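Please open the structure in a viewer and keep the selection tool at hand.

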Amino acid sequence: MASTRTVASTRWAGVPASRRRDERRAMLVRAAFRLFGEEGEAALTVRAVCREAELHTRYFYENFADTGELLAAVYDREAAALGEVLARALDEAGPRPDVRTRAGIRGVLSFISDDPRRGRVLFAEARGNEVLAERRRAAQTALLDGVLAMSRAESPRLPVVVAATMFTGAMTELAGQWADGRLGDDLDAVVDSAVELSLALHATTAPHLSGG
């Protein structure tokens, strides 16, 4: 441990205190992502995270009260990254609903495929962990609000609300099943099926979109 302290003191020499803390926090989050993403929740202990990050345990408690708080930070980081990917995909897709739907679904599934650890954090492991489950419920509510906002109605009709709720739940479950590997490995086939069903749902509710 003495060698670790020596390396740490050298590493932070001349770095402002606020920046040192931010960098250590980021290192802990990255370490937790690797551990949780590759080995699951059982691997996420204070000692293991600090060992992975090559930091003294006191730096853990400088930033987090416990591993639950750290795990929430990991989730928030990956959710923000996914949000950026989706925003970019939708911006590039243009206004057509079918193109936007395809871009959104592919964006989510590709994000998971590019690094399967993301799927474990955002979807697969959220089912049994209350910290992640709470984060996922909040994210699903935000997605639902966003889908409803696309109707451009101050008070959407019940069929629109029901359809948006079904779509939101289905997308969350689709991402979870893809992350678990239960849908095979043919991304194009999964996207095609999901888009077809999503557009069918949209066509059913389209008559209710005008007039609120």
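**First stop: a helix pair**

Select helix H5 (residues 67-93) together with helix H6 (residues 97-114): the two pack with their axes 9 Å apart and at an angle of about 150°. Axes here are lines fitted to C-alpha atoms, for helices over the stretch in contact, and angles run from 0 to 180 degrees between N-to-C directions. H5 and H6 are therefore roughly antiparallel to each other, a term for angles over 145 degrees. The crossing of H5 past H6 is right-handed, that is, the near helix is turned clockwise from the far one by less than a right angle.

**The whole model**

This is a predicted model, in which local features need pLDDT of at least 70 and side-chain atom pairs count only at pLDDT 80 or more, whereas totals for chains, interfaces and linings use all residues. Residues are numbered from 1 along each chain as its sequence is written, and side-chain values use heavy atoms, with hydrogens and water left out.

Zoom out and colour by pLDDT, the predictor's confidence in each residue, from 0 to 100. The protein has a mean pLDDT of 85, and 86% of its residues reach 70 or more. Confidence is lowest in helix H1 (residues 2-11), with a mean of 53, and highest in helix H3 (residues 46-53), at 97. Where pLDDT is low, the predicted coordinates should not be read in detail.

Switch to a cartoon: the protein has 10 helices and 0 strands. Helices (H or I, at least four residues) and strands (E, at least two) are DSSP runs, numbered from the N terminus. Of the 212 residues, 37% count as buried, meaning under 20% relative accessible area with a 1.4 Å probe and protein chains only; exposed means over 50%, and partly exposed lies in between.

**Aromatic rings**

Rings of Phe, Tyr and Trp (its six-membered ring) pair if their centres lie within 6.5 Å; planes under 30 degrees apart count as stacked, over 60 as edge-to-face and the rest as tilted. By this rule there are 2 aromatic pairs. Select Phe60 and Tyr61, an edge-to-face pair at 5.1 Å centre to centre with 75° between the planes.

**Charges over rings**

Finally, select Arg77 and Phe33: the charged end of Arg77 sits over the ring of Phe33, 5.0 Å from its centre. Such a contact requires NZ of Lys or CZ of Arg within 6 Å of the ring centre and within 35 degrees of the ring normal. At Phe111, the charged end of Arg118 sits over the ring, 4.1 Å from its centre.

Technical notes
Angles under 35 degrees count as roughly parallel, over 145 as roughly antiparallel, 65 to 115 as roughly perpendicular and the rest as oblique.
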